[in-house]
Amino acid sequence: MDVYLLVIIAIGLSVVMAGAWAIQRATGLSGWIDTIWSLTVGAGGIAAAIFADGSFSRRSLVLMLVAIWSLRLASHIGLRTRGAKEDPRYAKFIEEWGNSAPRRLFVFLQVQAVAAFVLVLAVYLAAANDGYLLRPLDFLALAVGLIALCGEAASDAQLARFRKSPGARTGVCEMGLWRYSRHPNYFFEWLFWCCFPLFALAGPIWSWLSLLAPMMMYWLLVHVSGIPPLEDYMLRTRGAKFLSLQQRVNAFFPGPRSKSSFNPNGDIR
C-alpha cells in the first residue's frame with residue numbers, strides 16, 4: 001500500500017472541501033458543495049487508480065467506473081443547483097446551527113473530506129489488486145457497478161421529469177423506480193460503492209478495508225445526511241401525502257409495494 005500517495009490525496013481532499021465551504025459562503029447555495037465533492041472524489045479516485053500497483057487493465061477499468069460516476073453525478077447536481085434554492089438538507093442543518101453555522105459547516109465539510117477519503121481508498125485497493133482481472137468476482141463487480149450507474153441515472157431522470165409536472169409542487173414522485181423505493185437514487189449510489197470491494201478482495205489483507213466504503217455510504221445515506229433530513233423536509237412540505245408514501249413504499253431497498261398502495265390518481269399524487 002502506497003501510504004505516501006494516500007496521504008497526499010487526503011490532504012488534497014481536505015483543501016478542496018475547504019474551498020467548497022468558501023464557495024457556499026459566497027453563493028449561499030449548498031448544492032455546489034455536493035457538486036465539488038463528487039468531482040473531488042472522482043479526481044482522487046482517478047489519481048489512486050493511475051498510481052496503484054495493479055495491472056494496467058484493472059486500473060483502467062476501475063478508473064473508468066469512478067470517472068463516469070463522478071462526471072455524471074457532478075453534472076446532475078450542478079445543473080440542478082444552478083438557479084435553484086438552497087438544498088433543504090443543508091438548509092435544515094444551517095438553521096439548527098444558528099450563529100455557529102459557518103464554523104460547524106466548515107467542520108462538517110472536513111468530515112465529508114474524510115468520507116471522500118474512505119471512498120478513494122476503496123478505489124485504490126480495487127486498482128491495486130494484482131490478481132488476474134477477469135475473475136468471476138470481477139465480472140460481478142463490473143455488473144454491479146454498471147447496474148448502479150444506470151439505476152441512479154434513471155432515478156435522477158425520473159425525478160427530474162416529475163418535477164416538471166403540474167403536481168410536483170404539492171405531490172410526491174411515484175414514477176418508475178420511485179414506485180418501489182422512496183429513495184432509489186440513494187440505493188443505487190450505495191450499490192455503486194459495493195463494486196469496489198468486489199474488485200479489491202482476494203488481494204492483501206488490507207484489501208478488506210475497501211468494505212468501509214459501502215458500509216459508510218449506507219450509514220450516511222440511511223441514518224445521517226441522506227434520508228433523515230430529506231424525509232423531514234418532505235413531511236413538512238407534503239404532509240399526509242408523504243406519510244402515506246412512507247406506509248406503502250420502502251425507504252431504501254427497492255421492494256414490492258404494500259397492499260394499500262392503490263392510488264386512483266395515478267403515479268402523481
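## Gln 158, tucked into a helix

Gln 158 is buried, as its relative accessible area is 14% (buried means under 20%, exposed over 50%, partly exposed in between, with a 1.4 Å probe and protein chains only). You'll find Gln 158 in helix α6, residues 136-163; helices are DSSP runs (H or I) of at least four residues, numbered from the N terminus. Setting aside neighbours within four places in sequence, Gln 158 is in contact with Cys 173, Met 175, Gly 176, Leu 177 and Trp 178, where contact means heavy atoms within 4.5 Å.

A word on the model: it is predicted, so local features need pLDDT of at least 70 and side-chain atom pairs 80 or more, while totals for chains, interfaces and linings use all residues. Numbering runs from 1 along each chain as its sequence is written, and side-chain values use heavy atoms, without hydrogens or water.

## The loop between α8 and α9

Ala 202 sits in the loop between α8 and α9, and at 63% relative accessibility it counts as exposed. Leaving out neighbours within four places in sequence, Ala 202 touches Arg 135 and Ser 207. Asn 129 is 73 residues from Ala 202 in sequence, yet their C-alphas are 7.8 Å apart.

Leu 209 lies in the loop between α8 (195-200) and α9 too. With 36% relative accessibility, Leu 209 is partly exposed.

How values were computed. Helix = DSSP H or I, 4+ residues; strand = E, 2+ residues; numbered from the N terminus.
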